[in-house]
Amino acid sequence: MIKSLFVYGMVGALLLLPVQPDQISVCVEDDEDLRVDCMIKPAPNKINSYEFSWSSGTKEVLINTNVSGSKAEAQFNDKSQVVELEPHGYRMTLSDFKDKLPPNTTYMCKIYGEMKQITVEKDSLVPCSAVSVFLQRSWFLIGCLVFFLHHNDS
């Protein structure tokens with residue numbers, strides 16, 4: 001009984017923790033467009049700017065930016081678009097590039113001068129669906145693990 005109370009208390013505590021979404025995520029939309037979400041909170045007194053890029057090996061390639069003096073690579077002209085997300089952050093969508101991606105790519109976003117990055121293998125890109133995003137949250141996986149372990153011990 002005490003063991004059950006402990007396990008369920010732990011699961012309840014995990015579910016009550018505030019969910020911190022990944023500050024950068026990469027997925028493939030239904031139409032095969034690549035999507036990069038960058039959820040960096042704005043800092044006070046910072047200019048509203050963004051840069052999206054990727055690198056494979058040592059070469060970094062700028063995909064889209066609104067920073068004065070910076071210019072995206074010509075191959076991405078008319079292929080990428082960026083929209084602002086609520087309550088904060090930006091989403092970049094890149095068309096016609098899923099089949100042209102290197103096998104191991106680091107995606108980077110820089111918003112308000114703060115940079116975040118994530119490395120993704122081409123074969124492990126996830127679909128952009130509510131279920132796949134939900135399953136990527138670590139608290140959910142930990143809760144399932146605790147629940148599974150509890151039922152196996154009973």
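Reply: Helices (H or I, at least four residues) and strands (E, at least two) are DSSP runs, numbered from the N terminus. This is a predicted model, so local features need pLDDT of at least 70 and side-chain atom pairs pLDDT 80 or more, while totals for chains, interfaces and linings use all residues. Residues are numbered from 1 along each chain as its sequence is written, and side-chain values use heavy atoms, without hydrogens and water.

Start with the whole chain. The protein has three helices and nine strands. Along the sequence they run α-β-β-β-β-β-β-β-β-β-α-α. Of its 154 residues, 36% are buried. Buried means under 20% relative accessible area, exposed over 50%, and partly exposed in between (1.4 Å probe, protein chains only). Next come contacts, meaning heavy atoms within 4.5 Å. Take those in the protein with a separation of 6 or more: 52% come from residues 24 or more positions apart.

Now the strand to look at: S1. Strand S1 covers residues 24–28. Four of its five residues are buried, so S1 counts as mostly covered.

Which sheet holds S1? Five strands form an open sheet, in the order S5-S6-S2-S1-S9, with mixed pairing. Its edge strands are S5 (80–84) and S9, and each of them pairs on one side only. Two strands pair if DSSP finds at least two bridges between them. In the sheet order, S1 sits between S2 and S9.

Take the S2 side. S1 and S2 pair in the antiparallel sense, over five bridges. Ser25 stands opposite Asp37 in S2. Val28 stands opposite Leu34 in S2. S1 and S2 form a hairpin, with five residues between the strands. In this hairpin, Glu32 takes a positive phi near 75 degrees.

Turn to the S9 side. S1 and S9 run parallel, joined by two bridges. Cys27 has Val126 in S9 as its bridge partner.

A disulfide (cysteine sulfur atoms within 2.5 Å) joins Cys27 to Cys128, with 1.8 Å from S to S. The S-S torsion of this pair is about 100 degrees, so the disulfide is right-handed. Cys27 is in S1, and Cys128 is in the loop between strand S9 (126–127) and helix H2 (130–135), so the pair ties together parts that are 101 residues apart in sequence. Cys27 and Cys128 are both buried.

How many disulfides does the structure hold? It holds two. The other one joins Cys38 to Cys109, again with 1.8 Å from S to S. Its angle about the S-S bond is 60 degrees, and this link is right-handed. Cys38 is in strand S2, while Cys109 is in strand S7 (residues 104–111). They are 71 residues apart, so this pair too links distant parts of the chain. Cys38 and Cys109 are both buried. Count the bonded cysteines along the chain, and the pattern is 1-4, 2-3.

Follow the chain past S2. Asn48 lies in the loop between strand S2 (34–38) and strand S3 (50–56). Is Asn48 buried, exposed or partly exposed? Asn48 counts as partly exposed, because its relative accessibility is 39%. Leave aside the neighbours within four places in sequence, and Asn48 is in contact with Asn66, Glu84, Tyr90 and Tyr112. Asn66 is 18 residues away along the chain, with 8.9 Å between the C-alpha atoms of Asn48 and Asn66.

Two of these partners also make polar contacts. A polar contact is a pair of N or O atoms within 3.5 Å; within protein, one must be able to donate a hydrogen and the other to accept it, and residues adjacent in sequence count only if both atoms are side-chain atoms. The side chain of Asn48 makes one with the side chain of Tyr90, at 2.4 Å. It makes another with the side chain of Tyr112, at 3.4 Å.

One last stop. Leu62 lies in strand S4 (residues 59–65). Why does Leu62 count as buried? Because its relative accessible area is 17%. Ala72 is 10 residues away along the chain, and the C-alpha atoms of Leu62 and Ala72 are separated by 4.9 Å.
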